[in-house]
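Here are my notes, as promised. Have the model open while you go through them.

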Amino acid sequence: MRAAKKKDKEQEKTKGSHQNTKRSILTTKIINIIYKDGLKTIAELCEDTHNSIPSITQIMNEQTEAGIVKSFGIGESKGGRKPVLFGLNKNAGYVVSIEVSRKYTHIAIFNLHNEQLGQTHEIKQGLENTEDIFKVLKDECNTHITNQNIDNNLILGYGITVPGLIDIKKGMSLSYLQFGNQPIEKSFRELFNKPVFIEHDTRAMAWGEAWFGLAKNKENVLFINIGSGIGLGIIINGQLYHGNSGLCGEFGHIQMNPEGELCYCGKIGCLETIASGAAMVKKSQEKIRNGKSTILKKVVNNNIEAITLKNIIDAANNGDLFAIELIEEAGEYLAKAMSILIHLFNPEAIIIGGEISDAGNLITDPIQQKLNKYAMQRLKQDTTILLSELKEKAGLMGTLPIVVSNTIGAIE
Ligand SMILES: [Zn+2]
């Protein structure tokens, strides 16, 4: 008898915890739906999650009381009483997004409506600096958080993007900040004492486009990041593709010229040695030394070593023929490499982003033109070539859904 009672109690307990788990899964689902889609009525949430009005109402009441959800007025009536619209309380939590590049770092804070608070904070230090970067980042983030008048307790987590080879399963960078065997994600968690999620810089940009940019509501999209290097972000069936060990997207290191230059990756004639920002800068310097006339020389006060990709893009936008031709040539090689991607992936769109997006048509026109030469017409006509509109915000915004879905959107 006693044993049976005990068994009953245990069963009840299991049933109770099972119901709790079920409810917390549903809560997570609802938070993620309203984070992604914005305002929703209870009836819409019932439809989206295939649940009953009482269970959704109960969750919304709990979350409203906790200050995570709030009502945003009255929606359209579909017959009967006008329903209340629910959305996330934008000040219930904040995400700190950090983009660490080789030479600089960007820090930005966003609320739960993905609105940026203040301006992006730029630090002229990056991965080329040694272990100091950890202390610098901590100090700069704290200053930025204080400047935005945010209570540190409301920081949900940090999203950090890093270039190079990243194994996100292990939270490791295989290219930078390797101090011993500790994954950098763990080092950053210890540093900030908050949840931290790392992602590859280009993949974060692609994810930013998928949530907030030109890839929104598209299923199969490629994103090419052209800055000093060349990276590829792949969205397949609406999901960010990471590859078997998280190392996919090394588009810049496919061989374009077997007789070409040695790349920093150790291989010969990679796309990066021909069509990246670094390659354009190097080519401009060589040609200017050989007497080519361009306004670039004046822009850098004859200090040819100081030329940057930005200088080239600005000069091209100001009509400098030499700079226009440099970008055009890069675009032609990119088209050749992109035709391989089109043939392999049959994407709906390829978004050109990163620093080169400031060149506008000067980069997309030569790409479009040469794709006619290299890509099969039937495949090419199904792929739209687009220029990123999020530009430098793409990577910083790409970490937001990752942090939100793994913190406030992962309620226990
Ligand atoms: Zn290479």
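1. Salt bridges to begin with: the count comes to 17. Keep in mind that this is a predicted model. One group goes beyond a simple pair, as Asp37, Lys40 and Asp48 are linked in a network of salt bridges.

2. Have a look at Glu305 and Arg289, whose closest N and O atoms are 2.4 Å apart in a salt bridge. Glu305 sits in the loop between helix 9 (296–299) and helix 10 (309–317), and Arg289 belongs to helix 8 (residues 277–289), so the pair ties together parts 16 residues apart in sequence. Glu305 is exposed, at 54% relative accessibility.

3. Lys391 and Asp358 also form a salt bridge, with 3.1 Å between the closest N and O atoms. This one links distant parts of the chain, 33 residues apart: Lys391 is in the loop between strand 15 (384–387) and helix 14 (393–398), Asp358 in the loop between strand 14 (349–353) and helix 12 (361–374). Lys391 is partly exposed at 29%, and Asp358 is partly exposed at 43%.

4. For Lys170 and Asp167, the closest N and O atoms of the salt bridge are 3.9 Å apart. Lys170 is exposed, with a relative accessible area of 56%, whereas Asp167 is buried at 11%.

5. Now the metal. Which residues are the protein donors of the zinc ion? They are His253 (ND1), Cys263 (SG), Cys265 (SG) and Cys270 (SG), at 2.0 to 2.4 Å. Their sequence spacing reads H-x9-C-x1-C-x4-C. The arrangement is tetrahedral because the four donor atoms subtend angles of 105 to 121°.

Definitions and conventions
Residues numbered from 1 in each chain as written. Predicted model: local features only at pLDDT ≥ 70, side-chain atom pairs only at ≥ 80, totals over all residues. Heavy atoms only, no water. Donors = N, O, S within 2.8 Å, 3.2 Å for Na, K, Ca; no water. Tetrahedral: all angles 85-135°; square planar, octahedral: opposite > 155°, others 65-115°. Salt bridge = Lys/Arg side-chain N within 4 Å of Asp/Glu carboxyl O. Buried < 20%, exposed > 50% of the residue type's maximum accessible area, 1.4 Å probe, protein only. Helix = DSSP H or I, 4+ residues; strand = E, 2+ residues; numbered from the N terminus.
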